[in-house]
Amino acid sequence: MTTVSLGMPRLPAAGVPDVSLPADRPATGGLVDRFGRVATDLRVSLTDRCNLRCTYCMPAEGLPTLPKDAVMTREEIVRLVGVATRDLGVRQVRFTGGEPLLRRDLVEIVRDCAALTHRPELSLTTNAVGLDSRAAALREAGLDRVNVSLDTLDPDTFATLARRPFLARTLAGIDAAAREFDLVKINAVLVRGVNLDHASELLAWCLDRGFELRFIEQMPLDADHAWDRAAMVTAAEVRDQLGERFALEPDEEPRDGAPAERFVVRDRTGRRLGRVGIIASVTEPFCGDCRRTRLTAEGGMRDCLFAHTETDLLGPLRAGADDAVLADLWRTAMWGKQAGHGMDDTGAGTDLDGSGFSQPERTMSAIGG
(Lines give C-alpha, C1' and ligand atoms only; values in the text may rest on other atoms or scores of the structure.)
Protein backbone atom coordinates (compact mmCIF):
# COMPACT_ATOMS: atom_id res chain seq x y z
CA MET A 1 0.00 0.00 0.00
CA THR A 2 1.30 3.42 -0.94
CA THR A 3 0.77 6.28 1.46
CA VAL A 4 0.87 9.95 0.59
CA SER A 5 1.58 12.62 3.14
CA LEU A 6 -1.08 15.34 2.98
CA GLY A 7 0.50 17.49 5.67
CA MET A 8 -1.25 19.03 8.62
CA PRO A 9 -4.85 20.07 8.02
CA ARG A 10 -5.52 23.79 8.30
CA LEU A 11 -8.64 25.83 8.70
CA PRO A 12 -9.34 28.63 6.23
CA ALA A 13 -8.93 32.16 7.53
CA ALA A 14 -12.03 34.22 8.19
CA GLY A 15 -13.47 35.30 4.87
CA VAL A 16 -11.57 32.64 2.92
CA PRO A 17 -13.89 30.00 1.44
CA ASP A 18 -13.13 26.31 1.73
CA VAL A 19 -13.07 25.43 -1.96
CA SER A 20 -13.83 21.99 -3.34
CA LEU A 21 -13.84 21.50 -7.09
CA PRO A 22 -17.04 19.99 -8.55
CA ALA A 23 -16.91 16.21 -8.53
CA ASP A 24 -17.75 15.95 -12.23
CA ARG A 25 -15.03 18.39 -13.30
CA PRO A 26 -12.02 16.88 -15.14
CA ALA A 27 -8.73 16.89 -13.24
CA THR A 28 -7.16 19.70 -15.23
CA GLY A 29 -5.53 22.89 -14.12
CA GLY A 30 -7.02 25.03 -16.84
CA LEU A 31 -10.25 27.01 -16.97
CA VAL A 32 -12.44 24.36 -18.55
CA ASP A 33 -16.23 24.40 -18.61
CA ARG A 34 -18.85 21.67 -19.00
CA PHE A 35 -19.01 22.22 -22.76
CA GLY A 36 -15.32 21.57 -23.38
CA ARG A 37 -14.27 25.19 -23.82
CA VAL A 38 -11.01 26.31 -22.25
CA ALA A 39 -10.51 29.98 -21.35
CA THR A 40 -7.06 31.30 -22.22
CA ASP A 41 -7.93 34.98 -22.76
CA LEU A 42 -8.37 37.22 -19.71
CA ARG A 43 -9.97 40.68 -19.84
CA VAL A 44 -9.11 42.83 -16.81
CA SER A 45 -11.07 45.99 -16.09
CA LEU A 46 -8.81 48.50 -14.37
CA THR A 47 -11.49 51.09 -13.58
CA ASP A 48 -15.18 51.77 -14.10
CA ARG A 49 -14.51 55.47 -14.78
CA CYS A 50 -14.54 56.91 -18.30
CA ASN A 51 -13.94 60.35 -19.84
CA LEU A 52 -16.50 59.80 -22.63
CA ARG A 53 -20.27 59.29 -22.41
CA CYS A 54 -20.95 57.14 -25.46
CA THR A 55 -24.68 56.88 -26.13
CA TYR A 56 -24.60 53.07 -26.40
CA CYS A 57 -22.77 52.68 -23.09
CA MET A 58 -23.40 55.45 -20.54
CA PRO A 59 -26.02 58.10 -19.82
CA ALA A 60 -25.12 61.74 -20.44
CA GLU A 61 -24.72 62.41 -16.72
CA GLY A 62 -22.45 59.41 -16.23
CA LEU A 63 -22.80 56.66 -13.65
CA PRO A 64 -21.88 56.37 -9.95
CA THR A 65 -18.29 55.16 -9.67
CA LEU A 66 -16.75 52.70 -7.28
CA PRO A 67 -15.07 54.00 -4.13
CA LYS A 68 -11.29 53.86 -4.41
CA ASP A 69 -10.88 51.13 -1.79
CA ALA A 70 -13.28 48.85 -3.70
CA VAL A 71 -11.08 48.83 -6.81
CA MET A 72 -8.21 46.39 -7.21
CA THR A 73 -4.81 47.86 -6.45
CA ARG A 74 -1.85 47.42 -8.75
CA GLU A 75 -0.47 44.64 -6.57
CA GLU A 76 -3.81 42.82 -6.47
CA ILE A 77 -4.19 43.01 -10.25
CA VAL A 78 -0.72 41.62 -10.83
CA ARG A 79 -1.26 38.84 -8.33
CA LEU A 80 -4.51 37.70 -9.96
CA VAL A 81 -2.98 37.93 -13.43
CA GLY A 82 -0.10 35.84 -12.08
CA VAL A 83 -2.51 33.18 -10.80
CA ALA A 84 -4.25 33.16 -14.18
CA THR A 85 -1.07 32.78 -16.22
CA ARG A 86 0.88 30.47 -13.94
CA ASP A 87 -1.86 28.19 -12.65
CA LEU A 88 -4.80 28.48 -15.05
CA GLY A 89 -3.29 28.52 -18.52
CA VAL A 90 -4.16 32.09 -19.50
CA ARG A 91 -1.98 33.29 -22.38
CA GLN A 92 -3.52 36.63 -23.34
CA VAL A 93 -4.42 39.54 -21.05
CA ARG A 94 -6.24 42.64 -22.19
CA PHE A 95 -6.64 45.67 -19.95
CA THR A 96 -9.99 47.42 -20.31
CA GLY A 97 -12.26 49.80 -18.44
CA GLY A 98 -14.12 52.11 -18.25
CA GLU A 99 -11.11 53.87 -19.68
CA PRO A 100 -7.86 52.23 -18.51
CA LEU A 101 -5.77 55.32 -19.30
CA LEU A 102 -7.45 56.95 -16.28
CA ARG A 103 -5.34 54.66 -14.06
CA ARG A 104 -2.27 56.68 -13.10
CA ASP A 105 -0.38 53.45 -12.41
CA LEU A 106 -1.21 51.87 -15.77
CA VAL A 107 2.40 51.81 -16.94
CA GLU A 108 3.47 50.12 -13.71
CA ILE A 109 0.69 47.54 -13.99
CA VAL A 110 1.81 46.68 -17.51
CA ARG A 111 5.46 46.51 -16.47
CA ASP A 112 4.72 44.20 -13.55
CA CYS A 113 2.57 41.87 -15.66
CA ALA A 114 5.21 41.80 -18.40
CA ALA A 115 7.74 40.70 -15.77
CA LEU A 116 5.71 37.65 -14.72
CA THR A 117 7.46 34.32 -15.23
CA HIS A 118 4.62 33.07 -17.43
CA ARG A 119 4.42 36.30 -19.40
CA PRO A 120 1.15 36.72 -21.31
CA GLU A 121 0.56 38.74 -24.44
CA LEU A 122 -0.53 42.14 -23.14
CA SER A 123 -2.96 44.45 -24.91
CA LEU A 124 -5.03 47.53 -24.10
CA THR A 125 -8.51 48.61 -25.17
CA THR A 126 -8.81 52.40 -24.97
CA ASN A 127 -10.53 55.44 -26.42
CA ALA A 128 -7.00 56.86 -26.89
CA VAL A 129 -7.76 60.20 -25.22
CA GLY A 130 -4.39 60.92 -23.62
CA LEU A 131 -2.61 58.01 -25.27
CA ASP A 132 -0.34 60.38 -27.19
CA SER A 133 1.56 61.18 -23.99
CA ARG A 134 1.74 57.59 -22.71
CA ALA A 135 2.13 55.31 -25.72
CA ALA A 136 5.93 55.26 -25.63
CA ALA A 137 6.05 54.48 -21.92
CA LEU A 138 3.47 51.70 -22.31
CA ARG A 139 5.45 50.14 -25.15
CA GLU A 140 8.65 50.30 -23.12
CA ALA A 141 6.84 48.73 -20.15
CA GLY A 142 5.90 45.70 -22.27
CA LEU A 143 2.51 46.39 -23.83
CA ASP A 144 2.27 44.39 -27.07
CA ARG A 145 -0.64 46.01 -28.90
CA VAL A 146 -3.47 48.51 -28.67
CA ASN A 147 -7.17 48.43 -29.61
CA VAL A 148 -8.74 51.87 -30.00
CA SER A 149 -12.45 52.64 -30.06
CA LEU A 150 -13.29 55.00 -32.94
CA ASP A 151 -16.81 55.13 -34.40
CA THR A 152 -16.42 57.93 -36.94
CA LEU A 153 -13.98 60.41 -38.47
CA ASP A 154 -16.51 63.24 -38.47
CA PRO A 155 -16.05 65.63 -35.50
CA ASP A 156 -19.74 66.45 -35.16
CA THR A 157 -20.81 62.80 -35.30
CA PHE A 158 -18.07 61.89 -32.82
CA ALA A 159 -19.40 64.54 -30.42
CA THR A 160 -22.93 63.22 -30.87
CA LEU A 161 -21.96 59.63 -30.10
CA ALA A 162 -19.37 60.26 -27.37
CA ARG A 163 -21.01 63.40 -25.97
CA ARG A 164 -17.53 64.91 -25.89
CA PRO A 165 -15.71 66.87 -28.66
CA PHE A 166 -12.57 64.76 -28.36
CA LEU A 167 -12.02 63.43 -31.89
CA ALA A 168 -8.74 65.30 -32.35
CA ARG A 169 -7.42 63.92 -29.06
CA THR A 170 -8.42 60.37 -30.04
CA LEU A 171 -6.71 60.71 -33.42
CA ALA A 172 -3.56 62.05 -31.73
CA GLY A 173 -3.56 58.97 -29.51
CA ILE A 174 -3.96 56.70 -32.51
CA ASP A 175 -1.05 58.40 -34.28
CA ALA A 176 1.13 57.83 -31.21
CA ALA A 177 0.09 54.19 -31.02
CA ALA A 178 0.97 53.72 -34.70
CA ARG A 179 4.48 55.03 -34.02
CA GLU A 180 5.05 52.68 -31.09
CA PHE A 181 3.21 49.45 -31.92
CA ASP A 182 3.40 47.06 -34.85
CA LEU A 183 -0.31 46.31 -34.67
CA VAL A 184 -3.11 48.77 -33.97
CA LYS A 185 -6.73 47.63 -34.13
CA ILE A 186 -9.68 50.00 -34.36
CA ASN A 187 -13.07 49.06 -32.88
CA ALA A 188 -16.22 50.72 -34.22
CA VAL A 189 -19.89 50.52 -33.27
CA LEU A 190 -22.37 51.59 -35.94
CA VAL A 191 -25.60 53.24 -34.82
CA ARG A 192 -28.52 53.45 -37.22
CA GLY A 193 -29.25 56.97 -38.36
CA VAL A 194 -25.98 58.28 -36.92
CA ASN A 195 -22.87 56.70 -38.47
CA LEU A 196 -23.93 53.67 -40.50
CA ASP A 197 -23.06 55.46 -43.73
CA HIS A 198 -19.56 56.20 -42.36
CA ALA A 199 -18.52 52.54 -42.43
CA SER A 200 -16.74 52.47 -45.79
CA GLU A 201 -14.93 55.75 -45.18
CA LEU A 202 -13.68 54.51 -41.83
CA LEU A 203 -12.50 51.23 -43.36
CA ALA A 204 -10.66 53.05 -46.17
CA TRP A 205 -8.95 55.28 -43.59
CA CYS A 206 -7.82 52.24 -41.57
CA LEU A 207 -6.61 50.33 -44.64
CA ASP A 208 -4.53 53.34 -45.77
CA ARG A 209 -2.77 53.35 -42.40
CA GLY A 210 -2.31 49.62 -41.94
CA PHE A 211 -4.84 49.36 -39.10
CA GLU A 212 -7.24 46.45 -38.73
CA LEU A 213 -10.79 47.67 -38.26
CA ARG A 214 -13.38 45.60 -36.40
CA PHE A 215 -17.05 46.51 -36.49
CA ILE A 216 -18.90 45.44 -33.33
CA GLU A 217 -22.63 44.88 -33.15
CA GLN A 218 -24.19 47.12 -30.52
CA MET A 219 -24.69 44.96 -27.45
CA PRO A 220 -27.39 45.18 -24.75
CA LEU A 221 -25.09 46.54 -22.05
CA ASP A 222 -26.19 50.19 -22.04
CA ALA A 223 -26.98 51.92 -18.77
CA ASP A 224 -30.38 53.11 -19.98
CA HIS A 225 -31.46 49.59 -21.00
CA ALA A 226 -32.72 51.15 -24.22
CA TRP A 227 -31.10 48.60 -26.53
CA ASP A 228 -33.46 47.48 -29.25
CA ARG A 229 -32.52 44.46 -31.32
CA ALA A 230 -34.74 45.58 -34.18
CA ALA A 231 -32.89 48.91 -34.38
CA MET A 232 -29.40 47.43 -34.04
CA VAL A 233 -27.10 47.45 -37.07
CA THR A 234 -26.41 43.79 -37.83
CA ALA A 235 -23.29 42.14 -39.18
CA ALA A 236 -25.15 41.36 -42.41
CA GLU A 237 -25.91 45.06 -42.86
CA VAL A 238 -22.26 45.94 -42.24
CA ARG A 239 -21.17 43.50 -44.93
CA ASP A 240 -23.74 44.95 -47.34
CA GLN A 241 -22.63 48.50 -46.58
CA LEU A 242 -18.95 47.69 -47.13
CA GLY A 243 -19.79 45.67 -50.23
CA GLU A 244 -20.92 48.81 -52.03
CA ARG A 245 -17.27 49.93 -52.18
CA PHE A 246 -15.12 46.89 -51.45
CA ALA A 247 -15.05 43.17 -52.16
CA LEU A 248 -14.96 40.99 -49.05
CA GLU A 249 -13.89 37.36 -48.95
CA PRO A 250 -13.46 35.03 -45.95
CA ASP A 251 -10.00 35.24 -44.43
CA GLU A 252 -7.71 32.33 -45.16
CA GLU A 253 -6.37 32.24 -41.61
CA PRO A 254 -8.37 30.21 -39.05
CA ARG A 255 -10.47 32.16 -36.57
CA ASP A 256 -9.01 30.17 -33.67
CA GLY A 257 -11.48 31.35 -31.04
CA ALA A 258 -11.21 35.06 -31.90
CA PRO A 259 -14.43 37.06 -31.46
CA ALA A 260 -14.12 38.69 -34.89
CA GLU A 261 -14.92 36.98 -38.16
CA ARG A 262 -12.23 38.34 -40.47
CA PHE A 263 -12.46 39.13 -44.15
CA VAL A 264 -9.85 39.94 -46.76
CA VAL A 265 -10.67 43.31 -48.32
CA ARG A 266 -10.06 43.92 -52.04
CA ASP A 267 -10.82 46.80 -54.33
CA ARG A 268 -12.89 46.35 -57.49
CA THR A 269 -9.80 45.40 -59.50
CA GLY A 270 -9.07 42.53 -57.11
CA ARG A 271 -6.11 44.21 -55.42
CA ARG A 272 -5.75 43.13 -51.80
CA LEU A 273 -6.01 46.07 -49.41
CA GLY A 274 -5.96 44.42 -46.00
CA ARG A 275 -8.40 42.86 -43.56
CA VAL A 276 -11.54 43.81 -41.67
CA GLY A 277 -13.28 42.00 -38.82
CA ILE A 278 -16.90 41.89 -37.70
CA ILE A 279 -17.86 40.91 -34.15
CA ALA A 280 -21.46 39.70 -34.35
CA SER A 281 -22.12 38.87 -30.72
CA VAL A 282 -25.88 39.21 -31.18
CA THR A 283 -26.83 37.85 -34.60
CA GLU A 284 -23.98 35.40 -35.23
CA PRO A 285 -22.76 34.49 -31.73
CA PHE A 286 -19.52 32.60 -31.22
CA CYS A 287 -20.34 31.25 -27.75
CA GLY A 288 -19.45 27.69 -28.76
CA ASP A 289 -15.79 28.67 -29.14
CA CYS A 290 -15.55 31.35 -26.45
CA ARG A 291 -12.19 31.38 -24.68
CA ARG A 292 -12.61 34.42 -22.44
CA THR A 293 -12.74 35.00 -18.72
CA ARG A 294 -13.09 38.41 -17.07
CA LEU A 295 -12.20 40.37 -13.96
CA THR A 296 -14.16 43.47 -13.05
CA ALA A 297 -12.40 46.45 -11.50
CA GLU A 298 -13.49 45.28 -8.04
CA GLY A 299 -12.12 41.77 -8.57
CA GLY A 300 -15.27 39.93 -9.60
CA MET A 301 -14.74 36.98 -11.96
CA ARG A 302 -17.28 36.79 -14.78
CA ASP A 303 -17.43 33.79 -17.09
CA CYS A 304 -19.41 35.71 -19.73
CA LEU A 305 -19.87 39.36 -20.66
CA PHE A 306 -23.63 38.82 -20.35
CA ALA A 307 -23.59 36.80 -17.12
CA HIS A 308 -25.95 37.71 -14.29
CA THR A 309 -23.60 36.45 -11.58
CA GLU A 310 -19.93 36.79 -10.75
CA THR A 311 -17.51 35.25 -8.27
CA ASP A 312 -15.67 37.50 -5.84
CA LEU A 313 -11.91 36.91 -5.92
CA LEU A 314 -10.79 40.17 -4.34
CA GLY A 315 -12.58 39.55 -1.03
CA PRO A 316 -10.89 36.17 -0.41
CA LEU A 317 -7.55 37.60 -1.60
CA ARG A 318 -7.77 40.43 0.94
CA ALA A 319 -8.89 37.97 3.60
CA GLY A 320 -5.67 35.97 3.19
CA ALA A 321 -6.52 33.30 0.60
CA ASP A 322 -3.47 31.76 -0.99
CA ASP A 323 -3.02 31.41 -4.73
CA ALA A 324 -4.23 27.80 -4.75
CA VAL A 325 -7.56 28.82 -3.21
CA LEU A 326 -7.95 31.70 -5.66
CA ALA A 327 -7.19 29.39 -8.57
CA ASP A 328 -9.76 26.82 -7.43
CA LEU A 329 -12.41 29.52 -6.94
CA TRP A 330 -11.74 30.60 -10.51
CA ARG A 331 -11.85 27.02 -11.83
CA THR A 332 -15.11 26.28 -10.04
CA ALA A 333 -16.77 29.42 -11.36
CA MET A 334 -15.72 28.74 -14.94
CA TRP A 335 -17.00 25.16 -14.74
CA GLY A 336 -20.50 26.57 -14.28
CA LYS A 337 -20.42 28.70 -17.45
CA GLN A 338 -23.57 28.48 -19.54
CA ALA A 339 -23.60 27.22 -23.13
CA GLY A 340 -24.44 30.68 -24.48
CA HIS A 341 -25.91 34.07 -23.69
CA GLY A 342 -29.32 33.32 -25.23
CA MET A 343 -29.55 36.27 -27.62
CA ASP A 344 -29.85 33.85 -30.52
CA ASP A 345 -32.71 31.87 -28.91
CA THR A 346 -36.08 32.14 -30.61
CA GLY A 347 -38.41 30.24 -28.28
CA ALA A 348 -41.86 31.48 -27.31
CA GLY A 349 -42.66 33.03 -23.95
CA THR A 350 -39.40 34.94 -23.77
CA ASP A 351 -38.79 38.41 -22.48
CA LEU A 352 -36.77 40.20 -25.13
CA ASP A 353 -37.85 40.44 -28.77
CA GLY A 354 -38.40 36.71 -29.16
CA SER A 355 -35.22 35.52 -27.45
CA GLY A 356 -34.50 33.91 -24.10
CA PHE A 357 -32.04 36.66 -23.22
CA SER A 358 -32.40 39.20 -20.44
CA GLN A 359 -30.00 42.10 -20.11
CA PRO A 360 -27.56 42.10 -17.17
CA GLU A 361 -28.00 44.87 -14.65
CA ARG A 362 -24.34 45.81 -14.92
CA THR A 363 -23.26 47.98 -17.84
CA MET A 364 -20.29 47.60 -20.15
CA SER A 365 -18.38 50.30 -18.26
CA ALA A 366 -18.91 48.42 -14.99
CA ILE A 367 -18.00 45.02 -16.41
CA GLY A 368 -15.10 45.80 -18.72
CA GLY A 369 -15.14 45.05 -22.45
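Residues 24 or more positions apart supply 72% of the protein's contacts with a separation of 6 or more. The model is predicted. It has 369 residues, of which 54% count as buried. Its secondary structure comes to 10 helices and 14 strands.

**Exercise 1. Locate Cys54 and Cys57, and decide whether each is buried or exposed.**

Solution. 
- Step 1: the record. UniProt, in an unreviewed entry, lists Cys50, Cys54 and Cys57 under "binding site".
- Step 2: the location. Cys54 is in the loop between E3 and H1. Cys57 is in the loop between E3 and H1.
- Step 3: Cys54 has a relative accessible area of 15%, so Cys54 is buried. Cys57, with a relative accessible area of 14%, is buried.
- Step 4: the contacts of Cys54. Beyond residues up to four places away in sequence, Cys54 touches Leu161, Ala162 and Arg163. Arg163 returns in Exercise 4.

**Exercise 2. Classify the packing of helices H1 and H9 from their crossing angle.**

Solution. 
- Step 1: the geometry. Helix H1 spans residues 74-87 and helix H9 spans residues 323-335. Their axes come within 10 Å and cross at roughly 75°.
- Step 2: the class. Angles of 65 to 115 degrees count as roughly perpendicular. H1 and H9 are therefore roughly perpendicular to each other.
- Step 3: the residues. H1 makes the contact through Arg79, Leu80, Val83, Ala84, Arg86 and Asp87. H9 makes the contact through Asp323, Leu326, Ala327, Trp330 and Arg331.

**Exercise 3. Describe the backbone at Gly97 to Gly98, at Ala128 and at Arg163.**

Solution. 
- Step 1: the expectation. Most peptide bonds are trans, and most residues other than glycine have a negative phi.
- Step 2: the peptide bond. From Gly97 to Gly98 the bond is cis, with omega near 15°. Gly98 lies in the loop between strand E4 (92-96) and helix H2 (106-114).
- Step 3: Ala128. This residue is not a glycine, yet has a positive phi of about 70°. Ala128 occupies the loop between strand E5 (121-126) and helix H3 (135-141). Its relative accessible area is 0%, so Ala128 is buried.
- Step 4: Arg163. This residue, not a glycine either, has a positive phi of about 55°. Arg163 is in the loop between helix H4 (155-162) and helix H5 (167-180). Arg163 has 28% relative accessibility and so counts as partly exposed.
- Step 5: the link to Exercise 2. Arg163 is among the residues that Cys54 touches.

Notes
Residues are numbered from 1 along each chain as its sequence is written. This is a predicted model: local features need pLDDT of at least 70, side-chain atom pairs count only at pLDDT 80 or more; totals for chains, interfaces and linings use all residues. Side-chain values use heavy atoms; hydrogens and water are left out. Axes are lines fitted to C-alpha atoms, for helices over the stretch in contact, and angles run from 0 to 180 degrees between N-to-C directions. Helices (H or I, at least four residues) and strands (E, at least two) are DSSP runs, numbered from the N terminus. Angles under 35 degrees count as roughly parallel, over 145 as roughly antiparallel, 65 to 115 as roughly perpendicular and the rest as oblique. Contact means heavy atoms within 4.5 Å. Buried means under 20% relative accessible area, exposed over 50%, partly exposed in between (1.4 Å probe, protein chains only). UniProt positions are given in the numbering used here, feature names are shortened, and annotations may be inferred rather than shown by experiment.
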